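Please look over the briefing below alongside the structure. It is arranged by topic.

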Amino acid sequence: MRVLAASVTGAAHQRLGQDCQDAWASARTPAGLVLAVADGAGSRPRAAEGARTAVAAACAAASGDDPLPRAFASARHAVLSLAADPAPFACTLAVVVVGATEVAVGQIGDGIVAVEQGAVARSAAVAVRGEYANETVFLTSDDAMDRLVVERFPAAEVTGVALSTDGLRSVILDDPATGALYAPFFTDLWSYARLDTAASEGLHTFLSEVPDSTGDDKTLVVAVSQRHEQMNTGDAGHVVA
């Protein structure tokens, strides 16, 4: 399976001289292809480190018969272990595990995950929105594991997945309040990813040029099956900030 990914520092962080606080990772494990995206809390001084730690730990721990809970528990433990006070490392986390029989999607926070099922883009593991537009739960929150949202799909029905941080919310959602997807975006995204010429650099260019209404960092990770290929035959990936 082909995996493309890119992150771009948001305009607001650029003005403050800050680096990108998003992180993504992908890995091939005995459980299948694992994809993870984390969004460091912009107001926290070491959020980028928290995000990088979370995605790396999630991918490393996704194993066994039910890898998703293990991935989140390990990611949370890794971030909490960074310091006695983990608040500066706060981040959200979304993880997809593409296994032989199912595609499992999990999320803590306000990321966006879509699956291509029967050539239709479907939202997955949509977190319950808080009272306020910018309210979310972080991996470091006391109730984080209780707020984990999980959704599962038969692997035979899923031909593509996409993960994004909320910096693209106004572009890729039809209704940000409910998390309803803007389906044409994902249809075009998966079609692009299947082109022979598709590359992560193309995603980076898109993210750099897309209207930046929030000023937040933007990350996209996309994985697609290609002709006569099952979703669970993906390549190993890597981590980038």
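**Briefing**

Ser 26 lies in strand E2. Strands (E, at least two residues) and helices (H or I, at least four) are DSSP runs, numbered from the N terminus. This is a predicted model, in which local features need pLDDT of at least 70 and side-chain atom pairs count only at pLDDT 80 or more, while totals for chains, interfaces and linings use all residues. Residues are numbered from 1 along each chain as its sequence is written, and side-chain values use heavy atoms, with hydrogens and water left out.

**Strand E2**

- Ser 26 counts as buried, at 5% relative accessibility. Buried means under 20% relative accessible area, exposed over 50%, and partly exposed in between (1.4 Å probe, protein chains only).
- From C-alpha to C-alpha, Ser 26 and Ala 56 are 8.5 Å apart in space. In sequence, 30 residues separate Ser 26 and Ala 56.
- Thr 29 is also found in strand E2, which covers residues 22-29. Its relative accessibility is 13%, so Thr 29 counts as buried.
- Thr 29 is in contact with Val 34, Cys 59 and Ala 62, leaving aside its neighbours within four places in sequence. Contact means heavy atoms within 4.5 Å.

**Cysteines**

- The count of disulfides comes to zero. A disulfide is a pair of cysteine sulfur atoms within 2.5 Å.
- Cys 59 is in no disulfide. The nearest cysteine sulfur to Cys 59 is that of Cys 91, 13 Å away.
- Cys 59 is buried, with a relative accessible area of 6%.
- For the sulfur of Cys 91, the closest cysteine sulfur is in Cys 20. The distance is 13 Å, which is too far for a bond.
- Cys 91 is buried too, with a relative accessible area of 0%.

**Helix pair H2 and H3**

- Two packed helices are described by the angle between their axes and the distance between the axes.
- Helix H2 spans residues 47-61 and helix H3 spans residues 67-80. Their axes come within 7 Å and cross at roughly 145°. Axes are lines fitted to C-alpha atoms, for helices over the stretch in contact, and angles run from 0 to 180 degrees between N-to-C directions.
- On the H2 side, the contact is made by Gly 50, Thr 53, Ala 54, Ala 57, Ala 58 and Ala 61. On the H3 side, Arg 70, Ala 71, Ser 74, Ala 75, Ala 78 and Val 79 take part.
- The residues of this contact divide into eight nonpolar, three polar and one charged. Ala, Val, Leu, Ile, Met, Phe, Trp, Tyr, Cys and Pro count as nonpolar, Asp, Glu, Lys and Arg as charged, and the others, Gly among them, as polar.

**The five-stranded sheet**

- Five strands form an open sheet in the order E1-E12-E9-E6-E7, with antiparallel pairing. Two strands pair if DSSP finds at least two bridges between them.
- Strand E1 (2-8) and strand E7 (120-123) stand at the edges. Each has a single partner strand, so one side of each is left without a neighbour in the sheet.
- Neighbouring strands of this sheet are turned by 15° against each other on average, direction ignored.
- Helix H5 (residues 183-193) packs on the sheet, touching E1, E6, E7, strand E9 (158-164) and strand E12 (218-224). The direction of H5 makes about 60° with that of E12.
- Helix H6 (residues 200-209) packs on the sheet as well, touching E1 and E12. The direction of H6 makes about 35° with that of E1.

**Strand E1**

- Six of the seven residues of E1 are buried, so E1 is largely enclosed by the rest of the structure.
- E1 and E12 pair in the antiparallel sense over seven bridges. Leu 4 stands opposite Val 222 in E12.

**Strand E6**

- Six of the six residues of E6 are buried.
- In a regular strand the side chains alternate between the two faces of the sheet.
- Ile 112, Ala 114 and Glu 116 point one way from E6, and Val 113, Val 115 and Gln 117 the other way.
- E6 (residues 112-117) runs antiparallel to E7, joined by four bridges. Ala 114 has Ser 123 of E7 as its bridge partner, and Val 115 stands opposite Arg 122 in E7.
- Six bridges join E6 to E9, again antiparallel. The bridge partner of Val 115 in E9 is Val 161.
- E6 and E7 form a hairpin with two residues between them. Gly 118 in the turn has a positive phi of about 65°.
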